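Please keep the sequence and the structure in view while reading.

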Amino acid sequence: MSGPAGVHPAAPAPGGTDTEVTRSTCMSSSAQIGVTGLAVMGRNLARNFARNGYTVAVHNRTAARTHALVEEFGHEGSFVAAETAKEFVAALERPRRLVVMVKAGEPTDAVIEEFAPLLEPGDMIIDGGNAHFADTRRRERALREQGIHFVGMGVSGGEEGALLGPSIMPGGPQESYDSLGPMLEKISAKAKDGSPCVTHVGPDGAGHFVKMVHNGIEYADMQLIGEAYQLLRDVAGYSPAQIADIFRTWNTGRLDSYLIEITAEVLSHVDAATGKPFVDVVVDQAEQKGTGRWTVQIALDLGVPVSGIAEAVFARSLSGHAALREASQGLAGPKPTPMSEAEASAFADRVEQALYASKIVSYTQGFHEIAAGSQEYGWDIDLGAVSAIWRGGCIIRAAFLDRIRAAYDTRGDLPSLLSAETFAREIAEAQDDWREVLIAATRQGVPTPGFAAALAYYDALRAERLPAALTQGQRDYFGAHTYRRVDRDGSFHTLWGGDRSEAPA
Ligand code: 6PG
């Protein structure tokens, strides 16, 4: 069997057919890693391994895709094209490392069901999809009984990241990381200081949990950027091209990040068909695959306030309610007041402050959720290490993450990012502008749920007293739910329907 340079046929599985035996004379169990599921992410990850010198077995449900990959990219490295599950498994050196890159959910279970019976104790199934961490925990438990290591691996960076270096968040047993880690370190993105953007996040579902929160933060970042854009457009009166320039300038400062960079690219793009700004010809209904929603659902279960991420999820769903929005077009609102050039420029500076302060809050909330998940599931996640591996390769990569890492390096048990001296000081400096921006947005009727939720979170945290005391009183009134007192231990109930005396509960 011939193929492009560096492409090997697969070895036969035990008990394979005659054809497979013929193939085995060329090559046997030579691949250090295998990738099954060759849609764009899987294909690019396979190429990344190959380009880094590994022999990669490749397999896809439809063999045509496998052959297309080796035909097109075989020259990049060493591939073993496997047509069947048996061939694929047989092509892998032991312990086998089998990366699954299929759509999260049922397809992942189907692939596991197909491959697990062909594997032996010590082999690894590595799920690189956006799986729900609870599924990962379930799969890890089930496969552990067979002695198979299941690694739920978050991969961020989109198509390009998968090929050129993603940020990788593997969970699963430490033992599997010992074998897999060096390979992941090789193919991962590198931070500016050269360190690989991968770490063993923790056992079972820890990697997918952290990837989920990464995506929740991604939603919040994108929403905040969207609000900044709309304020610059509707309040300051800038055109998309001008706003692109503003984002480019911001990208040279503390907001330096991939998402700000691509925002400038999207805003400066002009639609070839109409000559209009691209952003004006795109339907303004944001879609989602669900990881941001999961972040909020799990935060609710864990009792962690991720209001900024939640507003980002809600903003996407609101945007999609076309009929509701259509029916609301006549609702009253203020008329925009035009700004002078000088006012607009000063306002843009304020928006930068508001965006930065709100961003600090989103990350604070996201890291709180990771800490809470880590505690709930006994993962012992190192928050500093998580911020370190998000510095390169992933969608939320940003200069800012270096500072988060430094904050956790200084104090690993920071109660909140806001309590890090550096962020507390920056927010103190930003807060007047942050409030001014929200006043302007409210006055002019521009929706800024992300900025507002972030500020409300900040103000609630720093408040000496919250109306929660009143809530407790109400609960005790209508449901005898009891309350605690500020001056004594224990729980109490007031006899609201009687003489209003208080009794210990
Ligand atoms: C990443 C991205 C990636 C993907 C999300 C987008 O880290 O590389 O987050 O996982 O682009 O699935 O999710 P939505 O479709 O929900 O926006």
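## The three-stranded sheet

Strands S9, S10 and S11 form an open antiparallel sheet, in the order S9-S10-S11. Strands here are DSSP runs of E with at least two residues, and helices are runs of H or I with at least four residues, both numbered from the N terminus. Two strands pair if DSSP finds at least two bridges between them. At the edges are S9 (483–484) and S11 (502–504), each pairing on one side only.

S9 and S10 (residues 491–494) run antiparallel and are joined by two bridges. Arg484 has Ser491 in S10 as its bridge partner.

## Basis of the model

The model is predicted: local features need pLDDT of at least 70 and side-chain atom pairs pLDDT 80 or more, while totals for chains, interfaces and linings use all residues. Residues are numbered from 1 along each chain as its sequence is written, and side-chain values use heavy atoms, without hydrogens and water.

## The ligand site

The ligand is surrounded by 14 residues, each with a heavy atom within 4 Å of it. The closest are Ser156, Glu218, Tyr219, Lys289 and Arg316. Helix H9 (residues 206–235) supplies the largest share of this shell, five residues. By class, the shell has two nonpolar, eight polar and four charged residues; Asp, Glu, Lys and Arg count as charged, Ala, Val, Leu, Ile, Met, Phe, Trp, Tyr, Cys and Pro as nonpolar, and the others, Gly among them, as polar.

An oxygen atom of the ligand lies 2.4 Å from a side-chain N or O atom of Ser156. For Glu218, a side-chain N or O atom is 2.6 Å from a ligand oxygen. Taken alone, the ligand exposes 410 Å², and the protein buries 81% of that (accessible areas by the Shrake-Rupley method with a 1.4 Å probe).

Note on methods: A polar contact is a pair of N or O atoms within 3.5 Å; within protein, one must be able to donate a hydrogen and the other to accept it, and residues adjacent in sequence count only if both atoms are side-chain atoms.
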